Amino acid sequence: MIIAAVGDGAYKFVLLLHILTAIIGVGGLAMGWAHDTVARRQGGQAGAAILDAELRSGSSVPIRALYVLPFLGIALIVLSDDFFSMGDMWVSASFVVYVAIIGVYHGMIRPARKMVRDMMVTGGSAGESEAVLRRATTGTWILNGLLVVALYLMIWKPGL
Ligand code: HEM
């Protein structure tokens, strides 16, 4: 059942939620590098505590927002009354970028933070933990780049 179209109140409300989840999600994760830097400078138990807080609470709301984001995107397509379609190039590309964002976070950033937190607790070498933590920082910058790509797709909608 079609209950709204682009420009309707319902559509705009879902768009607001979609943009909000994007800001909270990617925006929240984008700040992770600041905590990584402070943790690296502190080192030891204090550094481990900072990374632990980031792993347990700092990134938990952003990642949950990111899990909701694609459903709101799909809802917008449904609500657009055939103005947008799942087959549109920019929509397919958005899914690829979205999967890449989740992949970089779970495959690169989170494991690196966990590893360094454990190394700091057990007293591993500072040089080694610094090298691993740099992986998390690199991942965060990739994430920021993917955010720009996602925004390009959302705003310019290439192929539409
Ligand atoms: C997962 C796949 C995604 C789908 C299916 C999707 C779908 C959509 C749709 C249909 C719109 C409405 C476009 C309009 O009314 O002009 C939209 C807008 C938007 N999306 Fe997404 N989106 C996805 C991912 C993302 C991601 C990853 C981000 C950023 C992290 C994002 C951020 C935005 C923003 C900021 C807008 C507002 C653009 C504007 O109004 O000009 N979306 N999206």
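Helix α4 gives the most to the shell around the ligand, with six residues. Helices here are DSSP runs of H or I with at least four residues, strands are runs of E with at least two, and both are numbered from the N terminus. This is a predicted model, in which local features need a pLDDT of at least 70, side-chain atom pairs count only at pLDDT 80 or more, and totals for chains, interfaces and linings use all residues. Residue numbers start from 1 along each chain as its sequence is written.

Let's stay with the ligand for a moment. It is surrounded by 23 residues, and the closest are Pro70, Gly73, Leu76, Tyr98 and Met154. A residue joins this group if its C-beta atom, placed from the backbone, lies within 6 Å of the molecule. Four helices each supply at least two residues of the shell: α1 (9-30), α4 (60-79), α5 (89-122) and α6 (126-156). What is the shell made of, in terms of nonpolar, polar and charged residues? It divides into 20 nonpolar, three polar and no charged residues. In this scheme Ala, Val, Leu, Ile, Met, Phe, Trp, Tyr, Cys and Pro are nonpolar, Asp, Glu, Lys and Arg are charged, and the others, Gly among them, are polar.

Now step back to the whole chain. Of the 160 residues, 28% are buried. Buried means that 20 or more other C-beta atoms lie within 10 Å of the residue's own, exposed means 12 or fewer, and partly exposed is in between, with C-beta atoms placed from the backbone. Among contacts with a separation of 6 or more, 78% join residues 24 or more positions apart; a contact is a pair whose C-beta atoms, placed from the backbone, lie within 7 Å.

How confident is the predictor? The mean pLDDT of the chain is 92, and 98% of its residues reach 70 or more. This score gives the predictor's confidence in each residue, from 0 to 100.

Along the way α4 bends by about 25° at Val68, and a proline, Pro70, follows within four residues. A bend is the angle between axes fitted to the seven residues ending at a position and the seven starting there. The buried residues of α4 are Pro62, Ala65, Leu66, Leu69, Gly73, Leu76 and Leu79. An α-helix has 3.6 residues a turn, so residues three or four places apart point the same way. The cover over the buried residues of α4 includes α1 and α5. Ala75 also sits in α4, but it counts as partly exposed because it has 17 C-beta neighbours inside 10 Å.

Beyond α4 comes the loop to α5, where Asp81 lies. Most residues other than glycine have a negative phi. Asp81 instead has a positive phi, near 55°. With 14 C-beta neighbours inside 10 Å, Asp81 counts as partly exposed.

Next is α5, whose 34 residues should span 50 Å at 1.5 Å a residue; its end C-alpha atoms are 49 Å apart, which agrees. This helix bends by about 30° at Tyr105, and Tyr105 is also one of its buried residues, which include Ile101, Ile109, Arg113 and Arg117. Covering the buried residues of α5 are elements including α1, α2 (32-42), α3 (44-58), α4 and α6. Asp118, also in α5, is partly exposed, with 14 other C-beta atoms within 10 Å. Just after α5, Gly123 takes a positive phi of about 80°.

The tour ends in the segment after α6, the place of Lys157. Lys157 is not a glycine, yet its phi is positive, about 50°. It counts as partly exposed because it has 15 C-beta neighbours inside 10 Å.

Conventions. Contact = placed C-beta atoms within 7 Å. Expected span 1.5 Å × (residues − 1).
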